There are 4 protein chains.
Amino acid sequence: MMGKKLKWGMVGGGQGAFIGAVHRMAARLDDRYELLAGALSSRPEKSAASAAEAGIASERSYLHWQEMAECEGALRRAGQGGIDVVSIVTPNHLHAPVASAFLAQGIHVICDKPLAISLAQAEMLQAQAARSGLVCVLTHTYTGYPMVRHARELVRQGAIGELRLLQVEYAQDWWAGGPAITGEGAWREDPAMAGPAGTLGDVGVHAYQLAAYVSGVEPSHLAAELSTFGHGRVLDDHVQVMLRYANGARGTLWASQVATGCENALTLRIYGTHAQLRFEQENPNELWLTPQGGAAQRLTRGRVQGQDALHATRIPAGHPEGYIEAFAQLYRDAADRIQAGGRGSTPEGLLPDFRDGVMGHRFIQAVLDSSHADSAWVSLA
Amino acid sequence: MMGKKLKWGMVGGGQGAFIGAVHRMAARLDDRYELLAGALSSRPEKSAASAAEAGIASERSYLHWQEMAECEGALRRAGQGGIDVVSIVTPNHLHAPVASAFLAQGIHVICDKPLAISLAQAEMLQAQAARSGLVCVLTHTYTGYPMVRHARELVRQGAIGELRLLQVEYAQDWWAGGPAITGEGAWREDPAMAGPAGTLGDVGVHAYQLAAYVSGVEPSHLAAELSTFGHGRVLDDHVQVMLRYANGARGTLWASQVATGCENALTLRIYGTHAQLRFEQENPNELWLTPQGGAAQRLTRGRVQGQDALHATRIPAGHPEGYIEAFAQLYRDAADRIQAGGRGSTPEGLLPDFRDGVMGHRFIQAVLDSSHADSAWVSLA
Amino acid sequence: MMGKKLKWGMVGGGQGAFIGAVHRMAARLDDRYELLAGALSSRPEKSAASAAEAGIASERSYLHWQEMAECEGALRRAGQGGIDVVSIVTPNHLHAPVASAFLAQGIHVICDKPLAISLAQAEMLQAQAARSGLVCVLTHTYTGYPMVRHARELVRQGAIGELRLLQVEYAQDWWAGGPAITGEGAWREDPAMAGPAGTLGDVGVHAYQLAAYVSGVEPSHLAAELSTFGHGRVLDDHVQVMLRYANGARGTLWASQVATGCENALTLRIYGTHAQLRFEQENPNELWLTPQGGAAQRLTRGRVQGQDALHATRIPAGHPEGYIEAFAQLYRDAADRIQAGGRGSTPEGLLPDFRDGVMGHRFIQAVLDSSHADSAWVSLA
Amino acid sequence: MMGKKLKWGMVGGGQGAFIGAVHRMAARLDDRYELLAGALSSRPEKSAASAAEAGIASERSYLHWQEMAECEGALRRAGQGGIDVVSIVTPNHLHAPVASAFLAQGIHVICDKPLAISLAQAEMLQAQAARSGLVCVLTHTYTGYPMVRHARELVRQGAIGELRLLQVEYAQDWWAGGPAITGEGAWREDPAMAGPAGTLGDVGVHAYQLAAYVSGVEPSHLAAELSTFGHGRVLDDHVQVMLRYANGARGTLWASQVATGCENALTLRIYGTHAQLRFEQENPNELWLTPQGGAAQRLTRGRVQGQDALHATRIPAGHPEGYIEAFAQLYRDAADRIQAGGRGSTPEGLLPDFRDGVMGHRFIQAVLDSSHADSAWVSLA
């Protein structure tokens with residue numbers, strides 16, 4: 001019902017920004033949010049136009065996010081309908097300061113990854129988040145897929161036995177070609193805005209988080225090498241990592257944005273003592289479970305009866321759900337949790353939060369350290 | 001912007017109805033509709049609860065669709081915000097009368113297929129639609145997929161040469177099992193509500209329409225057999241048809257809801273003198289083009305540059321779009337057309353309308369005729 | 001052991017004939033045959049050259065198959081090492097007369113399909129074969145695949161329940177293109193040599209036999225249409241058939257050699273009350289079993305433990321076996337049976353024989369009849 | 001012709017040895033070899049029985065390979081039909097001494113990999129091979145696949161541009177389960193017979209050789225980690241390696257025999273500046289070529305017109321060839337080369353020889369060194 005919708009604001013995501021539009025589609029899909037305020041762009045003209053297009057009243061279209069945080073916080077305290085929750089879809093370097101400012105106003109936060117531009121910044125923000133008691137979601141989109149959640153549930157139920165091997169890879173080709181990026185995405189090539197990690201922070205942390213999310217465990221050590229293929233590029237565009245787990249398991253993480261011919265090829269394979277699991281993001285309605293020595297089974301969204309998968313499923317098997325639905329699931333879970341005072345109907349751990357952000361930065365830092373040390377093994381503890 | 005949204009109503013689609021919820025998600029995705037009125041159920045209690053959940057004000061939640069048509073028409077004439085467009089998601093037998101009533105009030109119509117329960121009824125409705133000048137959309141969902149539209153564009157551009165063979169199939173298994181349907185979907189087994197066609201009208205017409213949509217041509221004759229496997233079932237649950245085209249091409253259409261182990265397996269294969277095209281609904285982000293004697297090419301949404309595909313694409317390649325997005329495309333195209341006074345930015349023919357409905361009923365009637373005549377060849381002219 | 005090899009001859013299969021070379025590779029693979037005699041070509045020069053290349057001594061290289069039958073028969077009766085078994089790889093019209101001549105000499109026969117050029121001829125030959133007590137194999141190659149045999153075993157064990165639907169198709173594109181065939185294969189376009197069926201006899205009977213082999217049942221009636229797309233072609237190059245089974249099951253058979261972009265796409269799908277089976281010849285090391293409403297399972301050669309599959313498996317799972325191995329299996333089974341005096345270690349029914357040939361001609365005749373009668377239903381009884 | 005067959009012997013490969021039987025099937029397929037002598041087993045009873053089954057006359061069934069080398073060499077020198085070529089399919093530790101003994105007798109050698117049990121031994125053998133001028137083939141089976149050769153040809157023709165990334169993996173699960181190996185394969189767990197490398201030497205070198213064969217380049221450095229998961233196992237059963245190439249390209253090699261649910265999953269992916277290539281051994285009749293930003297193309301054996309692929313193709317597209325055919329190709333190429341006095345019709349480099357063996361041991365040694373040094377980068381130069 002209209003009355004139950006969350007009052008919602010957005011920082012970043014003006015016209016031309018792919019991810020801002022995705023956030024809005026995702027939020028609308030399940031109709032739990034009403035977009036009322038925004039600081040969509042730091043350029044006045046674009047900010048106004050973007051707000052108008054998004055249906056935000058001009059008086060709540062802000063040019064500066066600090067102003068937005070303060071005004072909306074004041075509206076809340078005054079009982080005048082300030083936003084309940086804000087989404088942050090800015091360049092990386094603003095994630096933490098913006099989140100901090102809204103948390104300080106008692107406003108829940110949905111933030112794109114990476115959470116910050118350093119581990120220290122991420123830890124500080126997570127500490128603030130923990131003190132606040134507010135709902136803080138990090139949009140690791142792929143955790144919204146029903147079959148990813150089903151994979152996680154299968155692992156927790158013991159379906160694969162003890163973890164032995166893990167292979168995760170995230171390969172794109174959009175950075176393989178020509179010249180430097182210009183326009184909307186140009187900040188991705190600037191360490192001051194993107195942070196010290198390129199591909200590592202853009203897709204590497206997705207791969208790392210997905211592996212930990214499904215397997216339920218992080219590696220204890222890693223040995224890594226960062227590479228840069230693009231002419232004139234400063235940040236890494238290619239990442240390869242070897243992983244050691246405390247129980248003796250081994251693994252590999254590969255992330256690349258110069259992998260010719262790849263679209264968005266995020267694939268996770270886990271090999272336990274009993275069975276193998278395989279998930280490919282480009283075919284998200286299926287999950288492959290292969291018992292040792294046996295026949296591979298194609299488990300499908302809408303057919304599998306696991307409660308975590310069903311919780312994230314909207315339509316019947318054979319009617320594909322996709323990326324926007326996965327994104328929407330994070331929004332739906334966030335709404336549930338916010339409206340339930342922080343607990344929500346979504347089981348603990350299904351919805352990535354700022355702890356995942358700190359985990360991601362520990363990973364980024366360890367990869368940077370190892371790569372600088374000629375791929376020496378580095379502890380993640 | 002809010003002000004630009006279409007005022008929208010819905011007949012049918014109360015709580016528990018899968019397709020009603022899909023319509024609402026599809027309409028929200030691109031934010032072009034505001035749901036203001038509805039006759040969501042003929043049962044008073046359910047109607048009220050469904051309206052409340054959908055955010056419809058109680059004074060515009062109607063128990064009877066006739067009343068809704070009249071009241072909303074009156075509001076329109078009075079300049080008091082009556083709906084611009086209505087979606088019809090009732091059992092089949094109500095499609096035509098409801099559509100007719102709203103057209104009579106000057107209200108645009110988005111209607112589920114099949115359009116009617118007889119060819120005569122469909123033709124009468126289409127005549128009314130043509131006279132009205134209103135936008136009348138038939139929700140052949142699969143035409144909303146970018147790669148279906150790309151296939152159509154390739155055919156029109158001559159990429160496959162002259163049509164020689166066509167194989168289309170639509171296989172589901174949900175009717176294969178146990179007892180008769182009860183609850184929400186029970187009307188599907190009742191000819192008075194479903195019409196004279198079971199699987200034929202439910203998925204057979206989807207297959208037929210898809211084949212005609214992509215190939216650009218209808219067969220001239222068919223020979224068909226309907227079968228019923230379910231115990232106590234009256235209507236067909238299995239359809240097989242041989243097709244002849246005027247140019248000598250040949251084809252097969254197979255539709256079944258008792259195809260054990262199938263989810264929603266709609267597949268179209270077209271073989272021309274130059275190349276083959278293959279589309280599988282369960283993998284809708286790809287389309288296969290194979291030149292005679294050559295290598296199959298996997299064309300993907302977001303990579304192919306055809307304008308019809310791009311028009312229906314929201315997010316980059318490798319980020320799967322699915323069924324809801326395809327459905328949303330019909331809503332977006334309908335909104336474009338309504339707001340452009342019936343012409344719209346969507347090229348003629350991309351958006352299925354009531355002419356597709358008449359075509360579907362010609363097909364249904366021909367299959368019924370042929371099947372009754374022991375599979376004799378029957379003309380579709 | 002050398003001493004245990006069968007003495008073997010071949011009629012047809014001279015230089016340039018694809019299938020003759022395949023027979024020889026297949027026979028060599030398991031080392032059960034020694035090629036000692038042949039009438040490889042009716043052209044003297046080619047006959048001699050082909051024999052030399054195949055390692056046949058010149059005195060046992062015959063120009064006429066009648067002479068070969070008589071001489072080899074005489075050698076046998078004289079205990080002078082006449083051949084035990086002959087393979088027939090001629091154009092279709094010679095299959096039956098050649099087979100008959102060798103049977104008359106007490107020589108076992110391995111014959112390519114179709115068995116004859118008419119049903120009457122096939123029946124007469126089968127009668128002779130039955131009287132002779134000799135081993136008579138028809139090379140329906142695809143029955144040699146382990147996973148085809150496993151599919152058959154699963155059906156017989158009740159894994160799919162009762163048969164409901166069957167879809168079989170065999171699509172090639174090699175006849176889709178340009179001009180008439182010249183050279184080695186030219187007889188395929190000449191009814192006097194190919195018989196009255198083109199694609200129907202070439203690949204259609206393979207599809208029909210495979211369906212019957214796996215399902216264990218033949219249809220009772222069919223309605224069919226033959227088409228010819230090639231300019232100046234006399235025989236059919238495209239076949240579509242609807243099938244009725246006595247138990248109410250339904251099906252479709254599609255065979256085409258003008259299916260643009262297809263290589264050798266023989267696919268069988270069977271839907272029973274409990275489960276679906278799917279086999280694709282181009283991926284012969286796997287078989288898909290999908291229970292009603294459940295997860296598809298990929299069964300693989302070398303992993304599945306069915307005895308019929310294991311009997312036909314040479315190397316471990318993941319090491320692909322292919323077409324030649326399937327062919328070799330027929331040779332191995334034939335050798336087993338011949339050396340065991342007609343019974344052999346291969347279970348009854350696994351190895352296609354001349355009864356399959358008669359079955360194929362009943363099918364061909366029924367398709368011709370139905371097609372001539374504008375696709376009327378025709379009984380197969 | 002019989003007269004043209006090579007006189008052939010075999011060391012190892014007695015009854016129960018999978019790979020010995022594969023060698024014999026492979027050699028028979030193209031009929032270029034006649035098996036005349038063997039030392040198939042060091043156990044007298046088994047040796048005799050194996051020889052009889054393989055059709056080897058008892059006087060040329062040897063118990064000791066040294067005796068066989070000397071006797072066959074003497075027969076050659078005496079012009080009494082000693083073997084031309086020997087195949088070596090023993091446990092690893094005998095490869096080099098056996099090969100050396102036969103080379104010393106002027107007999108060509110076909111040897112299983114790894115070539116030796118140390119780099120030094122491999123180098124010594126290669127030096128002897130080079131001096132001898134004899135044909136020395138190392139059975140890197142996967143180089144016999146037409147589509148692997150086509151991939152190599154495409155790379156050499158510049159189809160992928162400059163190499164940037166390479167991912168090769170070889171995953172099996174047969175060592176993942178239970179207890180130690182007993183029987184025929186037990187030597188694999190004994191460093192004295194298998195050498196210092198387990199999975200590394202068994203499948204790791206296949207992966208490494210395949211990558212170098214197709215890409216045309218070896219890495220300059222690697223960082224590796226060996227692991228052992230099997231209880232009581234001494235040798236590695238899991239290998240992960242990071243690769244650096246001199247031109248700046250990067251890569252990963254993963255080899256495992258404890259990868260639950262994997263059969264024989266050897267996969268090579270190469271990413272150049274222009275295009276990507278992907279080959280999966282379990283589907284060897286296809287090769288995927290994806291241009292940067294474009295549509296993946298499925299190239300198939302029998303359709304692609306590259307001369308290296310055609311050279312290794314026996315039957316038409318769509319009729320799958322498999323592992324035995326790939327193996328047979330090595331035998332056919334070896335026969336060509338032997339009969340042409342060491343040059344042969346097979347282009348230089350297509351047929352792996354002892355230089356590949358030395359390369360493999362350099363790789364093995366570097367991986368052992370790096371793994372012992374906690375994955376430090378080690379030069380391969």
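A polar contact here is a pair of N or O atoms within 3.5 Å, where one must be able to donate a hydrogen and the other to accept it. Keep that in mind. This is a predicted model.

Let's start with chains A and D. The rule finds 30 residue pairs in polar contact across their interface, both residues at pLDDT 80 or more. By class, the chain A side has 17 nonpolar, 19 polar and eight charged residues. Which strand of chain A gives the most to that side? Strand 8, with six residues. Salt bridges come next. Chain A and chain D share eight. In one of them, A:Glu225 meets D:Arg250, at 2.9 Å from N to O.

Now the area. Together these two chains bury about 3400 Å², with 48% of it on carbon and sulfur atoms. On the chain A side, A:Arg164, A:Met242 and A:Thr260 lose the most area to chain D, together 20% of what that side buries. Each chain puts 44 residues into the contact.

On to chains D and C. Here 37 residues come from each chain. The buried area is about 3100 Å², and carbon and sulfur atoms give 57% of it. In chain D, the residues that lose the most area to chain C are D:Arg28, D:Glu263 and D:Pro320. There are six salt bridges between these chains. D:Glu263 also forms a salt bridge, with C:Arg303, at 3.7 Å from N to O. Helix 1 of chain D supplies the largest share of its side, five residues. That side counts 17 nonpolar, nine polar and 11 charged residues.

Note on methods: Residues numbered from 1 in each chain as written. Chains lettered and ligands numbered in written order. Predicted model: local features only at pLDDT ≥ 70, side-chain atom pairs only at ≥ 80, totals over all residues. Heavy atoms only, no water. Contact = heavy atoms within 4.5 Å. Buried area = accessible area lost by both parts, 1.4 Å probe. Salt bridge = Lys/Arg side-chain N within 4 Å of Asp/Glu carboxyl O. Polar contact = N/O pair within 3.5 Å; in protein donor to acceptor, adjacent residues only side chain to side chain. Helix = DSSP H or I, 4+ residues; strand = E, 2+ residues; numbered from the N terminus. Nonpolar A, V, L, I, M, F, W, Y, C, P; charged D, E, K, R; others polar.
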